[in-house]
Amino acid sequence: MSAIDALYIFDHFAPTATLILQHEWRSRPPTAPTSLLAHYNAHPQPRPSLIYIPTTAPPTLLFSLAHSNLLLLSPATSEIEPLLVLEFLHRIVDVLEDYLGVPLMTAKIESNYDIVAQLLYEMADDGFPFTTEPNALRDVVLPPSLIGKIFGSVTGLPSNTLSSLPPSNATPTTPWRRANVKHTNNELYVDVLELVTATIAPSGRPLCARSNGTIAFNSKLSGVPDLLLTLQAPNSHKQQLGAAPTSTILYPVFHPCVRLSRWRDRPGELSFVPPDGKFILASYEVDLLPTQKTPLQLPVQVEMKTAVGHEGDEFEVRVLISTSSLAPTPGNGSSPAFGSRSGSSRSPAFGGSSNTPSVEEVSITIPLPPIVKTLVATRCSRGEFHHEDREIVWKIPTTGSGSAPSSTATFRTGVQIRGYDADEDDDEGDGSEEGGSGSGKNKATAARKRRMKMAMPRCAIVGFTVKGWLASGVRVDSLKIVGGRGIGESVKPYKGVKYITRAGGVEVRC
């Protein structure tokens, strides 16, 4: 079975790429890291995550991950599962950010090289991924501290030598949660984020609409708690895991802490022992194509008109920002969905933010054909726009109007095309006979309109962020502590939930 050979981390955005970390799990690879970087840079952009290099001896598979100002390269000289290596690189970045903080920078790695080296040794055993959960790593590799750094500078020993390893009886029973977790304030935070992608026809009918959701969890509970999170969505039906996708939530993906048997028996209920700190509890997909009961509702609607004006050389974009249709309707989701028990009650900590959704970061991107040279006579009722690289980016502020039920904005401009001379039309319109003069002018006018029609935009890309609303209608119904140890029955943790929807590519065609 193949394994990961090595890891090289470069400061990729320096004047010259600098190798800041080199770690080999097995024997030293035959190809030098500088040579691998040269092969990587020689590949045309956009560079894929996996590059095959046949000119080395032996041929090499080069896996890469660009993060912030860092470039991670991992070579493999034998057959290996590509997703295994790529996921491992992502886990390395997550662990380093958990230990060293965000953003991950070159200076942080260089000043904590002893911590990074220990983490890499623990995360892979002879090139095979072994321990990649941050909670489990914290029991064997202690995070850096100020006192430890002072001790290390005086004694010359590693900075985490000052703290002793946890006792043998502190070995965690679950690989994703460290032992002896203690918090002064017990808190639970749930962030449900959805990314909406849609394509809307000129008639306003959606051709495709989909939402990708992520449930981010932040647990700050002492001991080993056992939690039960209940989700609900309007007009949903039971769906067995792995069955044909017929309900609201499709293709769920869970963290290893989630008990799949509970989801199979009662879809919508997530039973789990959470890791300590931040983690991704689950992700899902929702089909937003409208039905008779649930029409597609977006907070930003765009209407485009092309070839307008006296010469037909202008286009107009009208934007309607409305939150009135986003407010939850009375009784919506009143019946427990996903098979949850009818006796479950909604926690007062949930659902409050969705009563007043607000729209922010509204932007309209209008791609222009290559024939367009510049814009003329541009009028913008609100916001500011930029015309660069054959596209117009129009940013519409919502400060002061974001809380209003609705607001409108209009953008109108004319275009000037490349390689077009107005005198050409006059030449075409000149005729030796008086009767042919009118016919020539008509032909010139038709030719000009055809050119202007080619210069009109074909679509607009809408961007927005809505706080307090989800496009799919999925909600957190309740979050309860149903068991565990090390936490008293009288402890009532603070619970908070946040809903955010972002446009990940809403295309409106014209």
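This is a predicted model: local features need pLDDT of at least 70, side-chain atom pairs count only at pLDDT 80 or more; totals for chains, interfaces and linings use all residues.
An open sheet is built from 5 strands, arranged in the order β2-β1-β5-β4-β3 with antiparallel pairing. Its edges are formed by β2 (18–24) and β3 (50–53), each of which pairs on one side only. On average, and with direction ignored, neighbouring strands of this sheet are turned by 20° against each other. In general, the strands of a sheet pair through backbone hydrogen bonds, either parallel or antiparallel. Within this sheet, 4 bridges join strand β1 (residues 6–11) to strand β5 (residues 70–76) in the antiparallel sense. Phe10 stands opposite Leu71 in β5.

At least two lining residues are supplied by each of α2 (82–100), α5 (134–137), β9 (206–220), β11 (250–254) and β13 (277–287). The largest share, 7 residues, comes from β13. By class, the lining of this pocket is made up of 11 nonpolar, 8 polar and 10 charged residues.

With regard to cysteines, the structure holds 0 disulfides. A disulfide is a covalent bond between the sulfur atoms of two cysteines. Cys459 takes part in none, and the nearest cysteine sulfur, that of Cys510, is 7.0 Å away; the cut-off for a disulfide is a sulfur pair within 2.5 Å. Cys459 counts as buried because its relative accessibility is 14%, a value under the 20% limit. Cys380, with a relative accessible area of 27%, is partly exposed.

Technical notes
Residues are numbered from 1 along each chain as its sequence is written. Side-chain values use heavy atoms; hydrogens and water are left out. Ala, Val, Leu, Ile, Met, Phe, Trp, Tyr, Cys and Pro count as nonpolar, Asp, Glu, Lys and Arg as charged, and the others, Gly among them, as polar. Buried means under 20% relative accessible area, exposed over 50%, partly exposed in between (1.4 Å probe, protein chains only). Two strands pair if DSSP finds at least two bridges between them. Axes are lines fitted to C-alpha atoms, for helices over the stretch in contact, and angles run from 0 to 180 degrees between N-to-C directions.
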